[in-house]
Amino acid sequence: STGGVPAAHAKLLARGRLQPHPMQDDCVEELERVRLEVLERWARNGSLVQEGVESVKGLYIFGAVGGGKTMLMDLLCESLRDTPNAPPIRRTHFHEFILDMHKRLHRVRQEVGSIQNPMRVVAKQYEAECPVLFFDEMHVLNVGDAMILKAFFEELFASGCVVVATSNLRPMDLYSSGINREVFLPFTSTLEKHCTLFDMEGTPDYRSVRNELLAEAARSGDGVLPAFFAPEGPSTGRRVEEALALLGAEGPGEARKVECAMGRTLAVPRSWGRIAEFQFVDLCEKFLGVPDYLAIAENFDIIALRGVPQFTDSAEDAARRLVLLVDILYDQSKQMVVSADVPVDEIFGGLKKKYQHDSLAGSEAEHMDEEDDFSGTVRVPDWGGSSGRHFSVFKRPKTQRYGVSGTYHPGTGAEPEEVAEQGAVAATGGRHDRGAGGGPVMAGQVEEHTEWVEWSATGLKDASMYDLTCHT
């Protein structure tokens with residue numbers, strides 16, 4: 001389109017939809033650079049691949065939530081869509097992308113059987129369909145997604161495609177606590193080679209500012225409809241019904257089913273055309289996921305969710321599903337009406353408390369005060385490792401000592417086995433009757449001066465690294 005990304009950005013500023021910020025201005029310049037290079041290469045070759053010439057470098061925008069990353073990326077996306085003779089593009093969210101990868105890989109295996117590199121076939125499909133890929137909210141939570149991302153993007157970049165992505169994390173922080181992370185790490189280097197990194201840390205959280213303004217307008221009755229109600233009770237129930245009625249939900253509604261991926265269906269307890277109502281337990285405490293939530297977003301524009309609890313420290317699965325649901329509905333520009341047991345800023349209180357000491361894990365534990373005793377509470381580190389390094393650490397009770405056989409013994413009186421010398425870091429390698437070297441050999445790594453103990457991710461009781469690597 002005429003004027004490209006800077007012109008589109010300037011229009012938003014002129015309409016008061018954006019507040020000027022120098023970091024956003026700099027990001028607009030980078031996005032325009034990508035636009036011009038893509039259009040020039042495509043006009044010359046009808047392709048983004050040019051023999052002997054490096055591929056067009058994409059852009060990886062990262063920073064905290066609410067800083068405008070997605071909004072800026074979408075300016076480039078819409079600009080290319082509005083430009084005649086521009087290359088085909090695709091904009092996808094992380095959740096949709098992973099689901100699409102599984103579908104495509106399944107089809108490839110059905111059509112051609114077992115092949116050495118099915119991801120190369122999928123990458124070639126993307127190259128033909130959309131040589132410019134916009135990828136929103138890149139993040140990696142499990143080993144399956146990590147391996148898909150690594151394999152796909154390595155093949156995609158090799159084919160000359162251009163990627164513009166947003167994320168809350170810098171590339172090196174992706175999959176930071178992941179199992180077998182050393183296999184994933186080359187992907188971060190590949191990403192940095194093919195995308196310019198743009199850090200938007202320091203931009204205001206415009207989303208929170210907007211939400212506060214809307215909440216204040218709703219409280220003052222200034223024509224803004226409230227969308228969050230707490231605590232649960234008869235009066236809250238009536239207010240939710242009133243809100244739904246104002247949005248167009250008339251009458252008792254009807255139950256229906258919507259089709260999901262892979263031939264599955266999802267029951268909708270109450271619906272009114274493009275409006276649906278669900279109970280929290282039905283969407284977040286059952287075995288549902290991305291395909292189900294995408295089906296909801298496809299079939300409804302307004303979703304009421306009732307009965308959201310305050311999460312305890314054991315409700316992680318339900319909490320993750322709620323986050324996933326809200327993330328998908330937000331990306332699809334859907335409206336939610338929510339009722340909960342507690343105010344919105346208290347919903348995740350139990351989980352926040354559970355993980356508030358994550359940063360104490362690992363080497364940072366050395367800086368802890370000796371008087372701080374977590375009574376053996378397990379802490380999961382918030383930094384990465386492989387399957388060999390992906391461990392939990394806990395501060396052992398002062399009344400216990402760690403014996404050479406890999407078991408604990410009371411710290412008072414005569415101890416049945418020799419223990420590591422105070423202040424030493426004992427070697428890993430097996431139990432005392434199987435060790436390969438002199439001196440006490442420990443079933444794990446003990447830093448006696450910090451009293452923090454490293455355990456294998458397998459969770460096998462009394463299993464040493466020697467047992468796991470040489471006797472499995």
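How many aromatic pairs does a search of the whole structure find? The search finds 14. Rings of Phe, Tyr and Trp (its six-membered ring) pair if their centres lie within 6.5 Å; planes under 30 degrees apart count as stacked, over 60 as edge-to-face and the rest as tilted.

This is a predicted model: local features need pLDDT of at least 70, side-chain atom pairs count only at pLDDT 80 or more, and totals for chains, interfaces and linings use all residues. Residues are numbered from 1 along each chain as its sequence is written, and side-chain values use heavy atoms, leaving out hydrogens and water.

**Aromatic pairs**

Two of the pairs are set out here.

| Pair | Centre distance | Plane angle | Class |
|---|---|---|---|
| Phe-153 and Phe-157 | 5.9 Å | 40° | tilted |
| Tyr-175 and Phe-184 | 5.5 Å | 70° | edge-to-face |

Phe-153 and Phe-157 both sit in helix H6 (residues 143-158), 4 residues apart, about one turn of the helix. Helices are DSSP runs (H or I, at least four residues), numbered from the N terminus.

Phe-153 is buried at 0% relative accessible area. Buried means under 20% (1.4 Å probe, protein chains only). Phe-157 is buried at 3%. Tyr-175 is buried at 5%, and Phe-184 at 0%.

Ring pairs join these residues into a cluster, whose members include Phe-94, Phe-97, Tyr-126 and Phe-135.

**Cysteines**

The whole structure has 0 disulfides (cysteine sulfur pairs within 2.5 Å). The sulfur of Cys-161 has its closest cysteine sulfur in Cys-130, 7.0 Å away, too far for a bond. Cys-161 is buried at 3% relative accessibility. Cys-260 is buried at 11%.

Methods. Helix = DSSP H or I, 4+ residues; strand = E, 2+ residues; numbered from the N terminus. Buried < 20%, exposed > 50% of the residue type's maximum accessible area, 1.4 Å probe, protein only.
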